[in-house]
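Please open the model in your viewer and keep the selection panel at hand. The tour below goes from one selection to the next and says what is to be found at each stop.

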Amino acid sequence: MSRATRVERDEFVDKAFEAVGIPLIRFENKRNYILSEVKEKIDILFVGVETSMSEQKINLSDNEEIPICPKCGIPMVISTAKAGKNAGKSFYSCSNCPKCREIIRID
Ligand SMILES: [Zn+2]
């Protein structure tokens with residue numbers, strides 16, 4: 001795709017998302033994502049908004065690489081189990097949770 005075509009497409013996508021009121025986060029297409037970069041982008045969207053995402057504690061170092069959900073292909077987020085035998089333990093859950101129940105344990 002030529003550069004001009006790409007820019008045109010990006011503008012179209014921006015406008016389309018703006019029209020329907022969905023916040024759009026752009027991520028570089030790469031195998032792994034830097035947690036701090038992803039968090040920064042998501043934080044901007046959810047400033048002042050009470051969501052389950054704001055409850056999630058991010059305790060890993062800034063350069064920790066976060067996994068991608070094998071089902072959705074999107075970055076996963078750190079969650080902490082609130083009940084059950086794993087209560088208090090952190091794990092990765094899909095950003096689509098509760099729609100997608102993929103989790104990755106952190107040992
Ligand atoms: Zn998923």
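Two strands are said to pair if DSSP finds at least two bridges between them. With that criterion in mind, and remembering that this is a predicted model, select S3 and S4 together: these strands pair in the antiparallel sense over 5 bridges.

What you have on screen is an open sheet of 3 strands in the order S3-S4-S5, with antiparallel pairing. Its edge strands, each pairing on one side only, are strand S3 (76-80) and strand S5 (103-105). On average, and with direction ignored, neighbouring strands of this sheet are turned by 30 degrees against each other.

Next, colour the residues of S4 by accessibility, and you will find the strand mostly covered, since 4 of its 5 residues are buried. Then pick Phe 91 in S4, which has Ser 79 opposite.

Stay in S4, which spans residues 90-94, and select Ser 93. Is Ser 93 buried or exposed? Its relative accessible area is 4%, which is under the 20% limit, and therefore Ser 93 counts as buried. Showing the side chains of Ser 93 and Ser 79 brings up a polar contact of 2.8 Å that joins them. If you leave aside residues up to four places away in sequence, Ser 93 touches Met 76, Val 77, Ser 79, Glu 102 and Ile 103.

The last stop is the zinc ion, so please centre the view there. Which protein atoms are its donors? Select the SG atoms of Cys 69, Cys 72, Cys 94 and Cys 100, which lie 2.2 to 2.3 Å from the zinc ion. Along the chain, these donors follow the spacing C-x2-C-x21-C-x5-C. The angles among the 4 donor atoms run from 107 to 111 degrees, and the site is tetrahedral.

Conventions. Residues numbered from 1 in each chain as written. Predicted model: local features only at pLDDT ≥ 70, side-chain atom pairs only at ≥ 80, totals over all residues. Heavy atoms only, no water. Donors = N, O, S within 2.8 Å, 3.2 Å for Na, K, Ca; no water. Tetrahedral: all angles 85-135°; square planar, octahedral: opposite > 155°, others 65-115°. Helix = DSSP H or I, 4+ residues; strand = E, 2+ residues; numbered from the N terminus. Buried < 20%, exposed > 50% of the residue type's maximum accessible area, 1.4 Å probe, protein only. Polar contact = N/O pair within 3.5 Å; in protein donor to acceptor, adjacent residues only side chain to side chain. Contact = heavy atoms within 4.5 Å. Axes fitted to C-alpha atoms, helices over the stretch in contact; angles between N-to-C directions.
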